[in-house]
Amino acid sequence: MKPKKRKKSAYKLLLFILPGILLVTIFSYLPLWGWSFAFFQYKPGISLWDSKFVGWKNFTFLFQNAVMRQNLVRVLKNTFGMQMLDYLLTPLPMLFAILLSEVRSKKYQKVVQTVTTLPNFISWVIILSLANGLFGGSGLINTVLRNIGSDWTINVLTTDKHVWLTQALLRQWKGLGWSAIVYFAAIAGIDQELYEAAMVDGAGRFQRIWNITIPMLLPTYFVLLIMSIGHFLSDGLDQYLAFGNALNKEHIEVLDLYVYNVGLGSGQISYSVAVGMMKTLVSIVLLVSANVLSKKVRGTSVF
């Protein structure tokens, strides 16, 4: 290709990615200016520049104050616990994609994939309403149990027991089909000649899955796992804000919800920004460390 044509082609590619660059700049980089609030004693209603400059006080207060330190330990415990459950369940989308791809009926595949993907587009408020309708004190399941004379009832929304497991299972139900889309694409890209050669050698269906499909999907799985480690401390807000109540607050309050409650609920905006900054920096360190470890152990990395 001639230099002029190559240059023209490069400009076209730049125009294609320009909208994405603008969106990332506007919604991801420009808001970083808000980190400046962490270095002031900001109070709502007055200008930031009229607020008192306190330097690193909000960061030291995070560790020096016994009450704040105790709350932070509790919140980090909740965050780590729920995230570890999520990581234990990360193979489920891959297994779901493998099993569904083995179904012979393409029509049935499309129906199941569509049905399992739809919950991803439902808000957590609606899911809370559905969960109350099923598992609430006057929900469908408890009503049926009472009608058949059972004294045993299901109480998963208004209790402090099994909160982590309940929320992890709800997240899996909501995102299972959506997370499996990547694996469906990866399965479609596997060379069919590998399966044909295995069939000639007498390999059964489960042998082909174990020796061909799963090894071919593992690179995709590890790349997604590494990327998710960067969001280890960002366990979400909408779900826990919706399902949180006075009975499970101590166990459902993760770091993002804690920052929200402290910043908007208690009015300690500067302190909450400081906590958010530290969370972001720790997430970057975790992502880089996981990427370096993957590159040394497996020879592959995200960047």
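## Glu102 and Arg205

Glu102 is partly exposed, at a relative accessible area of 23%. In this predicted model, Glu102 forms a salt bridge with Arg205. The closest N and O atoms lie 3.5 Å apart. Glu102 sits in the loop between α4 (91–101) and α5 (106–117). Arg205 belongs to helix α10 (residues 205–229). The pair links distant parts of the chain, 103 residues apart. Arg205 is also partly exposed, with a relative accessible area of 31%.

## The Arg74 network

The structure holds five salt bridges. Arg74, Glu250 and Glu253 are linked in a network of them. Arg74 meets Glu250 at 3.3 Å, N to O. Arg74 lies in helix α3 and Glu250 in helix α12 (residues 249–252), so this pair ties together parts 176 residues apart in sequence.

Arg74 also forms a salt bridge with Glu253, with the closest N and O atoms 2.8 Å apart. Glu253 sits in the loop between α12 and α13 (255–265), 179 residues from Arg74. Arg74 is buried, at 18% relative accessible area. Glu253 is buried too, at 4%. Glu250 is partly exposed, at 45%.

## Packing of α2 on α3

Helix α3 (residues 66–88) also packs with helix α2 (residues 57–64). Their axes are 6 Å apart, at an angle of about 75°. The two helices are therefore roughly perpendicular. From α2, the contact uses Phe61, Leu62, Phe63 and Gln64. From α3, Ala66, Met68, Arg69 and Leu72 take part. Six of these contact residues are nonpolar, one is polar and one is charged.

How values were computed: Residues are numbered from 1 along each chain as its sequence is written. This is a predicted model: local features need pLDDT of at least 70, side-chain atom pairs count only at pLDDT 80 or more; totals for chains, interfaces and linings use all residues. Side-chain values use heavy atoms; hydrogens and water are left out. Axes are lines fitted to C-alpha atoms, for helices over the stretch in contact, and angles run from 0 to 180 degrees between N-to-C directions. Helices (H or I, at least four residues) and strands (E, at least two) are DSSP runs, numbered from the N terminus. Angles under 35 degrees count as roughly parallel, over 145 as roughly antiparallel, 65 to 115 as roughly perpendicular and the rest as oblique. Contact means heavy atoms within 4.5 Å. Ala, Val, Leu, Ile, Met, Phe, Trp, Tyr, Cys and Pro count as nonpolar, Asp, Glu, Lys and Arg as charged, and the others, Gly among them, as polar. A salt bridge is a side-chain nitrogen of Lys or Arg within 4 Å of a carboxyl oxygen of Asp or Glu. Buried means under 20% relative accessible area, exposed over 50%, partly exposed in between (1.4 Å probe, protein chains only).
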